[in-house]
Amino acid sequence: MKLTKEQIDQFNRDGYLFFPSHFKPEEVKTLTEAVPEIYARREAYNVRERGSDAVRTNFAAHMYSKPFAKLARHPRMVQPIEELFGEQLYMHQFKINGKMAFEGDVWQWHQDYGTWLNDDMMPEPRAMNVAIFLDEVNEFNGPLIFIPGSHRDGVVDASHDTTTTSYPLWTVNNQLITQLVQRAGGLNGGIISPKGPPGSMMLFHGCLLHASSSNLSPWNRNTCYLSLCAVSNHIRRFKRPEYIAHRDFTPIECLPDDCLLNDYPVDLPWKDGMPASALETSLDILKEAA
Ligand code: SIN
Ligand code: MN
């Protein structure tokens, strides 16, 4: 799949591209069918909402679930990013965010590259976020919201919020968000929110400011978020466990375009459980050495 010049210009200007219904319903079904069993597992990689059993974020499903391992190698997702970066990619992070009906909590305003830089020492914002809608996203079930063009400011000030939700995040204060929304057009396009059917795909720059509100609707908003990093830009520090920030920098080899509908061999290194090393961090290693 090749991007047009207009799409490349639009990405550089706005910091995101939206592809409604990029994957077919029968392709998405192979993914959604696998989710309940993944969420039922009592494993560190399932982070639950505060005071609830609902999964907020599942990490690293591509390491132990065949449909998601195939998605991680899908040419319709990988090739446009290779084209934008002009380089091969590895999987830096792989998540399924539940944002479950009535229970899905907010994601505060943040940039992902802030975390990749502060925690993982990723040299440049040459990693792309991809959102693939597993459920319909509408105005009621906590859609992702963006400030278009905010990626052009690079990394902005953020502070580590460990209390608002069950997942710590480097978040940006309301005053700066107000200024950036105003600059992006205020009520006329200063915040946008792509919505669409399951199978829609969004690419967004690691510095694009984004957030989402809670899900008070009766509809789940499962979304798969993948972060693919240019191989030469791999992280330099292993402060976070490997199931959150991956340490295998092998370039992704794509499968054929029909891979979600047909059987292809894929490696599932964590299918019988995560190795102890996937929970270790460089801080543990430093502690052992002390
Ligand atoms: C994220 O920013 O990583 C997740 C946001 C969301 O799921 O709404
Ligand atoms: Mn994010």
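1. Strands β5 and β11 run antiparallel and are joined by two bridges. W107 has S212 of β11 as its bridge partner. Strands here are DSSP E runs of at least two residues, and helices are H or I runs of at least four, both numbered from the N terminus. Two strands count as paired if DSSP finds at least two bridges between them. This is a predicted model: local features need pLDDT of at least 70, side-chain atom pairs count only at pLDDT 80 or more, and totals for chains, interfaces and linings use all residues. Residues are numbered from 1 along each chain as its sequence is written, chains are lettered from A and ligands numbered from 1 in the order in which they are written, and side-chain values use heavy atoms, with hydrogens and water left out.

2. The pair belongs to an open sheet of three strands, ordered β5-β11-β7, with antiparallel pairing. β5 and β7 stand at the edges with a single partner strand each, so one side of each has no neighbour in the sheet. Neighbouring strands are turned by 25° against each other on average, direction ignored. The axes behind that angle are lines fitted to C-alpha atoms, for helices over the stretch in contact, and angles run from 0 to 180 degrees between N-to-C directions.

3. The manganese ion (ligand 2) is coordinated by H110 (NE2), D112 (OD) and H210 (NE2), at 2.1 to 2.2 Å. The donor spacing in sequence is H-x1-D-x97-H. H110 lies in β5 (residues 107-110) and H210 in β11 (residues 210-212), so the pair ties together parts 100 residues apart in sequence. Donors are N, O and S atoms within 2.8 Å of the metal (3.2 Å for Na, K and Ca); water is not among the atoms, so sites may look incomplete. Both H110 and H210 are buried. Buried means under 20% relative accessible area, exposed over 50%, and partly exposed in between (1.4 Å probe, protein chains only).

4. S150 sits in the loop between β7 (144-146) and β8 (159-161). Its relative accessibility is 1%, so S150 counts as buried. Beyond neighbours within four places in sequence, S150 is in contact (heavy atoms within 4.5 Å) with R183, C207, L208 and L209. The C-alpha atoms of S150 and R13 are 9.4 Å apart, across 137 residues of chain.

5. β10 is largely enclosed by the rest of the structure, because five of its five residues are buried. Both faces are covered, with M201, L203 and H205 on one side and M202 and F204 on the other. β1 (residues 16-19) pairs with β10 in the antiparallel sense over four bridges. F18 stands opposite M202. β6 also runs antiparallel to β10, through five bridges. There, M128 is the bridge partner of H205.

6. Helix α5 (residues 75-85) has buried residues P75, R76, M77, V78, P80, I81 and F85. Their cover includes α2 (25-32), α4 (66-71), β4 (89-97), β6 (127-133), β10 (201-205) and β12 (223-230). G86 follows α5 with a positive phi, near 65°.

7. The largest nonpolar core has 51 residues, of which F68, M77 and L228 touch the most other members. Another core lies apart from it, with eleven residues, among them Y16, L144, I192 and Y225. A nonpolar core is a set of buried Ala, Val, Leu, Ile, Met, Phe, Trp, Tyr and Cys residues joined through side-chain atoms within 4.5 Å. Leaving aside neighbours within four places in sequence, the contacts of L228 include M77, V78, I81 and F85.
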